[in-house]
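Please walk through the model shown below, starting from a single side chain and moving out to helices, domains and salt bridges.

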Amino acid sequence: MAPAHPPRRRLRRAVAALSALAAVAAGVAVAPGAQAASDGQVSSGAEAASSGQEASRPAYLDPSKPVQRRVADLLARMTLKEKIGQMTQAERAAVADDPSRVAEWGLGSVLSGGGSTPAENTPAAWVEMVNEFQEQALSTRLKIPIIYGIDAVHGHGNVAGATLFPHNIGMGATRDPELAEKEGEVTAAELRATGIPWNFAPCLCVTRDERWGRSYESFGEDPALVKAMETGIEGLQGPTPDRIGPDHVLATAKHFAGDGDTAYDAATAAANEGKPWNEQKYTIDQGVTVTSREHFAAVGLAPYGPAVRTYRVGSVMPSFSSVDWTEDGVGNPVKMHANKELLTGVLKQKTKFQGFVISDWEGIHQIPDPSDPANTGLTGYKVRTAVNAGVDMFMEPNTAPEFMQLLMDEVEAGRVSEARIDDAVSRILRQKFALGLFEHPYASAGKVDEVGSAKHRAVAREAVAESQVLLKNSGNLLPLSPKSKIYVAGRNADDVGNQAGGWTITWQGVSGEGVQGTSILDGIKQVAPDAAVTFSEDASAPTDGSDVGIVVVGETPYAEGYGDVGGPECGWCTTPQQESKSLSLQPEDKAAVDKVCSAVEKCVVLVVSGRPQIITDQLGKIDALVASWLPGSEGAGVADVLFGERPFTGRLPVSWPRSANQVPVNVGDADYRPLYPFGWGLRTKVGSGPASAAALESARSKGDTELVDEIVARARDAAQASAVAGTAPADWARLIADADHALLTGDPEKAYRLLRRAAS
């Protein structure tokens, strides 16, 4: 991208400023700086025009008119070409070298893919870039603003210095819907501070197989847990989604539907062996969900009802995956982007979704064209199939003009109706009006200091602490004394990139020093300044005199199919990321655990990963084991629980398998015997008072939800203590997992009974 404010751009902005009064009188939004509003946003003609001018102004530019009238008025003024433009989204890189393409193509939206940033990756540069694209959109005949979108899946991860939260798998471990809402609020604030009003999040997938490279994007394996954490949508959109305020953004529920339940392809995994990375294929991501309609409704579709009906999410993104109904025989899968039964029949008609459907990245390119099966690009068949199925806006990062022409041809040929086009455009415009883009099209740089602010990082640090799951704690080793002599080892101890995971600065994430934040090692030194800390990444330094060893192991970053077990490694990523993805620890991690836990009397192992890692064979050497997930930028949150500044309260959002051969293993399975069950999580602080069934009934009758949760938690403590002691019944894992499911579905009495049985 060109340097900030070159002479040509300065001249253009000066001309815009000189013509501000005329533009306002005409009811046209003014470019940044032309007329500053009291709230730091830019005034528009709708705010400045006189009453006489208001009477002659088009209804769609009048914010006092009902949204439906504004939509109808604008739609009636649009040509077919303009409508198709609103249905088209291009990538930043396709228009950055010549922003006039936004106007030339009549785009309705622009996005940044993972790692697609302005040349200077600062909040102020983002604002300037988005406003430059917006300026082009407002130069068109009807002056319809673009809506800029981005994947901010665990905070505003594309922006250097942004606040990074734990990925969804860690947020699911918190079991804290209020915290998920706070995360949404922080993310929305940082998005808006950089000029972006639309987030491609949250992911509402239900992960059912940890071999999937997107497992960490899920809140967990139980649809009830995913539904409980959907409060993040309200955090993003605010409490009134029909009028989204300047500190909130449009949310996207994705990936509709069933993407976490696709079948693992062992044959593809075997065929990948020995091939160069760029010839290997995904083994589970973008695959096929082979399922009955009943199971699909209970698992894959379950999270979308609340997202639409309760939180009124503004956009939905289909999955790359396919669904193959067992009722009509396996072998005829349908791509989700082509699935009219689900996109239109279920989502729009049955669920009453009023927002718009945005395709995934070149999602319709994957629809098979019967007349041209080898074509991996666009065809008229793919375009009309997706539009008629119910997709409203199309993410065509590098092929926007081609898509627009193909859709124009399909409409003119009568294969796509103008009524379907009008429905799609109406849905898009409604959300633009809800965001106030017609009144405030330009972003202000007045809040760039909020990005990565101390206030925001404090919320993320709280989330990190709550996400930590204590799996084992022999002899109550944790919390540690802050004055201990501590030996820290492991490749993930001092690497913020590794602890942030994928979708951070780049699509695949980055190992090393490319991510700003506090590492776990830095957090230990910060929280326990009186501790004597020795750090040796590979555990080669002497361990003499250490009271306790802390070994931080786990995964390096990945995203999507490049995280599939048995799938391709990321050949263009940093060297540490170019390792075969596995559910087992890497050899160097195993070696570090063996060395430290053999040499130091007390040993703590932290697993920093997007999914469980098989550690069964080393468990006997480990005194305390913690699932740290992918904590993001605030490694001090991990140290907070290690040293007792905060208690361990996290619980497993997924089952922790005994072996790789046991996967997939999920709550509700007939033969359920994981190493640690769904809902497992030891605590380091326990409440007091009566914890009987009678006390539970009394607390619930009084509406005291905190006491209800504490009574159930103490029953869980007892059940877990029995399991650790070896006195629990043979089916203790099933009982604990089923109890957590019961609690999530609003039945604490059942949860209590199951846990008492597990403790007997």
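Lys182 is found in helix α11, which runs over residues 177-193; helices (H or I, at least four residues) and strands (E, at least two) are DSSP runs, numbered from the N terminus. This is a predicted model, in which local features need pLDDT of at least 70 and side-chain atom pairs count only at pLDDT 80 or more, while totals for chains, interfaces and linings use all residues. Residues are numbered from 1 along each chain as its sequence is written, and side-chain values use heavy atoms, with hydrogens and water left out.

Lys182 counts as partly exposed because its relative accessibility is 36%; buried means under 20% relative accessible area, exposed over 50%, and partly exposed in between (1.4 Å probe, protein chains only). Apart from its neighbours within four places in sequence, Lys182 is in contact with Val459 and Glu462, where contact means heavy atoms within 4.5 Å. From Lys182 to Thr231 the C-alpha to C-alpha distance is 8.8 Å, and the two are 49 residues apart in sequence.

The next step is the division into domains. The domain assignment of the protein chain gives domain 1 (70-450), domain 2 (468-654) and domain 3 (666-759); these bounds come from an automatic or database domain assignment. UniProt, in an unreviewed entry, lists residues 79-430 as "domain: Glycoside hydrolase family 3 N-terminal". UniProt positions are given in the numbering used here, feature names are shortened, and annotations may be inferred rather than shown by experiment. In the model, the span 79-430 is 38% helix and 11% strand, with its end C-alpha atoms 18 Å apart. For residues 469-682 the end C-alpha atoms lie 7 Å apart, and the span is 15% helix and 15% strand.

Helix α20 covers residues 418-434. Its 17 residues should span 24 Å at 1.5 Å a residue, and its end C-alpha atoms are 24 Å apart, which agrees; the expected span is 1.5 Å times one less than the number of residues. Of the 17 residues of α20, 13 are buried, so the helix is largely enclosed by the rest of the structure. α20 is followed by Gly436, which has a positive phi, near 75°.

Now consider how domain 1 meets domain 3. Their C-alpha centres lie 38 Å apart. Eight residues from domain 1 and nine residues from domain 3 take part in the contact. The area buried between domain 1 and domain 3 is about 720 Å², and carbon and sulfur atoms give 47% of it; buried area is the accessible area (1.4 Å probe) that two parts lose on being put together, summed over both. Arg175, Glu221 and Asp222 supply 60% of the area that domain 1 buries against domain 3, more than any other three residues. One salt bridge is counted between domain 1 and domain 3, a salt bridge being a side-chain nitrogen of Lys or Arg within 4 Å of a carboxyl oxygen of Asp or Glu. Arg175 forms a salt bridge with Asp740, with the closest N and O atoms 2.6 Å apart.

Asp740 also meets Arg716 in a salt bridge, at 3.6 Å from N to O. This pair links distant parts of the chain, with Asp740 in helix α28 (residues 732-744) and Arg716 in helix α27 (residues 705-725), 24 residues apart. Asp740 counts as buried because its relative accessibility is 1%, and Arg716 counts as buried at 6%.

Helix α28 also holds the pair Arg734 and Asp738, which are four residues apart and so separated by about one helical turn. Their side chains meet in a salt bridge (3.3 Å, N to O). Arg734 is partly exposed, with a relative accessible area of 27%, and Asp738 is partly exposed at 22%.

The structure holds 37 salt bridges. One of them joins the side chains of Arg700 and Glu749, at 2.5 Å from N to O. Arg700 lies in helix α26 (residues 693-701) and Glu749 in helix α29 (residues 748-759), so the pair ties together parts that are 49 residues apart in sequence. Arg700 counts as partly exposed at 37% relative accessibility, as does Glu749 at 24%. Elsewhere, Lys348, Asp392, Arg420, Asp423 and Arg427 are linked in a network of salt bridges.
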